[in-house]
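Here is a short briefing on one protein chain. Look at the sequence and the structure first, then read the points below.

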Amino acid sequence: MANLFLKFRFAENIMLAATAYGLGTIPTYNSVRFPAILHQTLNVSDDERFIVGISLGYSANTTINSYYSERRPVNEILHFN
């Protein structure tokens with residue numbers, strides 16, 4: 001149990017470091033809920049375990065989230081025949 005505690009402390013330190021660089025974080029279970037897919041996609045050996053996922057991103061009120069690209073009208077790209 002102590003070993004698992006240390007793994008979560010490691011994740012916590014990653015989250016604190018990301019916060020210091022201006023990123024928001026949240027620990028997520030859904031990102032590790034399907035380990036078989038992760039093993040295959042990331043080419044990780046089966047003897048390794050995924051314990052916790054960490055989602056990273058900028059908060060909604062940051063400058064990076066104020067960019068909006070120009071959009072084409074839907075009727076130009078979506079057609080029903």
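The model is predicted. The protein chain holds three helices and two strands.

**Overall fold**
- From the N terminus on, the elements run α-β-α-β-α.
- The radius of gyration is 19 Å, well over the 12 Å that the globule rule gives for 81 residues, so the protein chain is more spread out than a compact globule.
- The C-alpha trace spans about 60 × 35 × 15 Å along its principal axes.
- Buried residues make up 10% of the 81 residues.
- Take the contacts between residues at least 6 apart in sequence: 53% of them join residues at least 24 apart.

**Confidence**
- The average pLDDT of the protein chain is 88, and 98% of the residues score at least 70.
- Among the elements, α2 has the highest mean pLDDT (93) and α1 the lowest (88).

**The largest pocket**
- Its volume is about 260 Å³.
- Helix α1 (residues 2-20) gives the most to the lining, with four residues.
- Residues lining this pocket include Lys7, Phe10, Glu48, Arg49 and Phe50.
- The lining divides into seven nonpolar, no polar and three charged residues.

**His39**
- His39 lies in helix α2 (residues 35-42).
- Is His39 buried or exposed? His39 counts as buried because its relative accessibility is 12%, and buried means under 20%.
- Leaving aside neighbours within four places in sequence, His39 is in contact with Val44, Ser45, Asp46, Glu48 and Phe50.
- Glu48 and Phe50 are also among the residues that line the largest pocket.

Note on methods:
Residues are numbered from 1 along each chain as its sequence is written. This is a predicted model: local features need pLDDT of at least 70, side-chain atom pairs count only at pLDDT 80 or more; totals for chains, interfaces and linings use all residues. Side-chain values use heavy atoms; hydrogens and water are left out. Buried means under 20% relative accessible area, exposed over 50%, partly exposed in between (1.4 Å probe, protein chains only). Contact means heavy atoms within 4.5 Å. On a 1 Å grid over the protein atoms alone, a cavity is a set of points where a 1.4 Å probe fits but cannot get out, and a pocket is an open set with protein on both sides within 12 Å along at least five of seven lines; lining residues have an atom within 4 Å of a point. Grid points are joined across faces, edges and corners, and a volume is the space filled by probe spheres set on the points. Ala, Val, Leu, Ile, Met, Phe, Trp, Tyr, Cys and Pro count as nonpolar, Asp, Glu, Lys and Arg as charged, and the others, Gly among them, as polar. pLDDT is the predictor's confidence in each residue, from 0 to 100. The radius of gyration is taken over C-alpha atoms; the globule rule is 2.2 Å times the number of residues to the power 0.38.
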